[in-house]
Amino acid sequence: MSKYAKARSLFGQTLFSSVLISCGLLFADAASALVLSPQDVVDIALRQAPDVKTSELRAQQAEGVAERQRGLYDLILKVSPTYEYTEALTLTGTGNPSDKTLTVMASLSKRLSTGTTVTVDYNGISQESVLSTFTSNLRRPNAALNAVTLSIRQALWSNILGESDRAILDTVDATVFAAKLQREEALEEAILSSLNLFWNAYVAEVQLKENTAARQKYEELVKAVRRKAGYNLSTPGELPRLEAEFEGADKNVKVSSAQYLASLDNLRTNLQLDSTTPITFKMQATEAAEIPAVPKMAAVDIAQLRPVVISKVSFENAERNKKSQDSINRPRLDLVARARSTGVDETSDMAFSKMTSASQPTYALGVELEWPLDSSLYRGARAEAEALYQISQIDFKLSQDRIRDSIANAERTAVAYRDSALSSIEIVAKRTRVVKELETAYRQGRTPLVELIRAFNDLFSSQQERARAVGNYMIALNTWAAVRDELVKNANSGLGGK
């Protein structure tokens, strides 16, 4: 073997070894590799994809915000016991030498969605004193007072009968419902993203295989022409032309190898797989018979699709907010009613008994009016609510038009990509036939090398396009299903029809 031939052989071995190293995942032992099909990708994504977990947490966050807003209607208990001992003097000199006072104040309040606030207050005072000469004839050393007050405040103009409160509560419920729908939308987007990465990695693998086969084909041609050159049978320029094509094919292998490894990294990261996990793809759809037909889809009710329902909920919330602002930004006129029962005696027990008997009641009934004059705050709140209402109305109309266009476009895209995939498969079959015929003619000396090289390049280019066309069709099918809300089915119903 000549020195040049040895160098070329060493170069070929080194290059082959580098490709094996860079594509180790591609040629890994199938028994130890993770075999992935599209359904496997969906299952893994639902279990551990970060976007899926984030969507779950955002739905929980929305429920937490809703609970915080409902907190305005919590039942609130306050208790404040106080013990005081004093020997303080007064300016009049009528103070007792010492007073020991135990005070217990408690309240229970509840705000209702009818614009009503109910409060029960209890005040208990028990005092033991050393009386001065000025107060000894006015009271006994031990005294106790117990009082309970029931207060009711009812909105009569601003937030009349809880008009604004009920609108806010309805908005809270609708927001939680929309958050659940948004969670399903996020799940669908996460699954679609994972499937797209799956098909991108699959296409990159096929393209790498095709480029590797092309490089090997050119390497065989280089060897054949080199043998002819040794017998002075090759035409001028044949060998360098083929060596140039071989270098170009080798470059394509290196580039596609890097793209394939990058696509695997993206897929592993998306599915939260270990970075060293070898992956093989279960689906190998490269023949026309293996390309699934475009499914026959029934007409879909656009009004029931999640993006439209979410937009409708936003519009209805804006409408409720507008009504709420109109109601709450009117002058405040409240009806206030109070009933109080008091008991006073030497002992706490007797004082409490008199209080509960309601033998010494006090009743009060009145109104409170608060009217901000020329309020910029009220005008601003109304204007902001009105603008938000009109924006959401426009968005709701646009969402229906956009989803209708998206469904039609997704269907057209799927049909076009299937036709493209079938055509690319047919093109590869015909270009393969051309290569075989020209290769035979070249060996027989009936065809120049340039024609064979052109046929090879056309074949290799069509093989690359075939892989991408098949991947594009599969992605288009998934996108079509996602637009129709069929990649992730609806799990919520009810409020969307309100």
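Mentor: Strand β2 pairs with strand β3 (residues 98-111) in the antiparallel sense, over 12 bridges. Strands are DSSP runs of E with at least two residues, helices are runs of H or I with at least four, and both are numbered from the N terminus. Two strands count as paired if DSSP finds at least two bridges between them. Within this pair, Tyr 83 stands opposite Leu 102 of β3. The model is a predicted one, in which local features need pLDDT of at least 70 and side-chain atom pairs count only at pLDDT 80 or more, while totals for chains, interfaces and linings use all residues. Residues are numbered from 1 along each chain as its sequence is written, and side-chain values use heavy atoms, with hydrogens and water left out.

The pair belongs to an open sheet of 6 strands, in the order β2-β3-β4-β5-β7-β8, with antiparallel pairing. Its edge strands, β2 (75-86) and β8 (361-370), each pair on one side only. On average, neighbouring strands of this sheet are turned by 15° against each other, direction ignored. Helix α7 (residues 348-357) packs on the sheet and touches β4 (116-130), β5 (142-155) and β7 (332-345); contact here means heavy atoms within 4.5 Å. The direction of α7 makes about 140° with that of β7. Such angles run from 0 to 180 degrees between N-to-C directions, and axes are lines fitted to C-alpha atoms, for helices over the stretch in contact.
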